[in-house]
Each structure stands twice: as structure tokens, then as C-alpha cells.
Amino acid sequence: MARTNNVTELIITGLFQDPEVQRACFAVFLPVYLATVVGNGLIVLMVRVSKSLRSPMYFFLSHLSLVEISYSSTIVPKFITDLLVRIKTISLEGCVAQIFFFHFFGVTEIFLLTVMAYDRYVAICKPLHYTTIMSRPVCHRLAAASWLGGIIHSMVQILVTVQLPFCGPNVIDHYFCDLHPLFKLACTDTFVEGVIVLTNSGLISVFSFLLLVSSYIVILVNLRNHSAEGRRKALSTCASHVTVVVLFFGPAIFLYMRPSSTFTEDKLVAVFYTVVTPMLNPIIYTLRNAEVKIALKRLWGRKVNSAVE
């Protein structure tokens, strides 16, 4: 894979070393992962079958939920199965593949969140032109651009990684494969590669976050011209999106915009955005959105009626 690789298999240290703690983590994280898949899967299904969820906001939400399932599935299944084994291993090729898909889905989510903020901006600040600006072809192009941006970003990360020689040691001090822990195993200086990763990952996160914050500042300013009911409905919708943005961008900026380390706190922060946040997103959007709750009740009623028949 690289210039002079003597390493073909990597050992992952995991989150904790105590077997009892690992089994407790398994009992906690398995239901969390299942809830992530079921919750986000329900949103994708509801948007597809419900006629009341045809607006661009729900179109992008379905893409976000699909990304959440894929993003979580890149890390969590191996992570929770590793909690039950003493020695946790992964091939070098498997490690690189995990890094590729982890960054692919992660950056796709960043771009989708940015697009969703733009959708809310148009809906609130330019309501008379909303259907023209956010037409179905435009929505498809924006979603495709988000996925394409994720692929391009991830390809850059992998092209940087596969050029590195790995000749030992072969122990990754993390519970999954990521760039900084893998770079520490390279038998060459990785300063330039680290700068590229910082530029490619960190700056994307920061610039997207600043763009999101700016868009919501503009939205808040424009809401002064709306009625009380209009402000309440707009703020309710935006509050869900802002909550998801903070939960995702906070840990990402914390980890990728500073020098790498192996502190346990870093691993716990990574657990939050790889395991917990994907589960919270459907809960956040469902609890604060009446249309989604109504569509969920109709979908459930349809399934009950089908079962009775």
C-alpha cells in the first residue's frame, strides 16, 4: 500500500482496558447504535412515504439521516464487537478504508448541515421566492454537491495517508482508525501531512461553522419583521438545527483544530460524536417538529392496520 510497509495488521487499544468496563460499555452502546439505525431509518422512510413531508427541509433531513446511519456504521459495529475481545486488531487496508468512509460521511454531514441552514435562510428571509430558489432540481444538485464534496475531501485524506511508510510499531492508541493516531505509527516525519489534515479537516469545519452562525444571525435579524406566531414557528424549526450543529461541530473543532494527543478525554469526545450524536439527531428533530410527529403517527397507524388485516 505504501513505500516500505512492514506492518500489515494494527492493534487497537480501545476505549478502556478493564474487561468489566468494556462489557458495561457493550451493554450501553449496542442499544444506542440500534436506536441510531432505527431512528434515522424511520426518518428516511417517513420522508419517502409521507405526502406532508415533501418540502426541501425534509428532503435534506432524509439525506442527513442516511448519512448518520452510514457514518455511525463505519465506526460503531467494530467498536462494540471489539469490546468483547481481548486483542483488537484491524488490517492496514481495513484501517485506511475506515478512515476514508469516516471522513467521507463526516464531511458530507457538514455540507448537508450548511445546505439546511441555507434552506432555512431562504424560507425565512425570502419567503416569496422560496419555491423558485429551492426548486426540486436545485435541491437535488445541492444534495449531490454535498456527497461529492465529502468524497473529494476523503480522497485527499487517503492520498496523503497511503504515501506514508509503516514499519512499526503497530499499536493505535484509539478505539477506531483516524488520521492522527495512524500518523504516529509512520516511520517518517508527518509534519507536512499533519498540516494538510489540519487544513482539509479543521478549516472545513471552522469555515462551515462560521457560515452557519452567520446565516442564523441574519435569520434572527429578519425574524423581527415577522408576526409572533411566525417567529415562534421559525425559531422552533431553527432551534433543532442549531442544536444538531452545535453537537456535531463542537467536538469536531475541538479534536481537529489543535495538536493531536492521546488523552482519554479525546477518546470520550470522539465517542460522543461517533456514537451518541447520530442517535440524538432524529430525537431532536422529532420532538420539536409537529409535522414529523404527525407523519410518524400516521406511519405507525398504517403499520398497525396492515398487521390487523
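So, the largest pocket: the space in it comes to about 460 Å³. This is a predicted model, where local features need pLDDT of at least 70 and side-chain atom pairs count only at pLDDT 80 or more, while totals for chains, interfaces and linings use all residues. Residues are numbered from 1 along each chain as its sequence is written, and side-chain values use heavy atoms, with hydrogens and water left out.

What do I mean by a pocket? On a 1 Å grid over the protein atoms alone, it's an open set of points where a 1.4 Å probe fits, with protein on both sides within 12 Å along at least five of seven lines; lining residues have an atom within 4 Å of a point. Points are joined across faces, edges and corners, and the volume is the space filled by probe spheres set on them.

Helices here are DSSP runs of H or I, at least four residues, numbered from the N terminus. H2 (56-82), H3 (92-125), H8 (228-256) and H10 (290-308) each bring at least two residues to that lining, and H8 gives the most, six. By class we get eight nonpolar, six polar and five charged; nonpolar is Ala, Val, Leu, Ile, Met, Phe, Trp, Tyr, Cys and Pro, charged is Asp, Glu, Lys and Arg, and the others, Gly among them, are polar.

Next, the second largest pocket, at about 270 Å³. Its lining includes Val44, Arg48, Phe59, His63, Arg136 and His140. H1 (19-49), H2 and H5 (136-161) each supply at least two residues, with the largest share, four, coming from H2.

Now, H1 itself. Is its span in agreement or disagreement with its length? At 1.5 Å times one less than the number of residues, its 31 residues should span 45 Å, and the end C-alpha atoms are 45 Å apart, so that agrees. At the N-terminal end, aspartate 18 is the cap, with a side-chain oxygen 2.8 Å from the backbone nitrogen of glutamate 20.

Notes. Polar contact = N/O pair within 3.5 Å; in protein donor to acceptor, adjacent residues only side chain to side chain.
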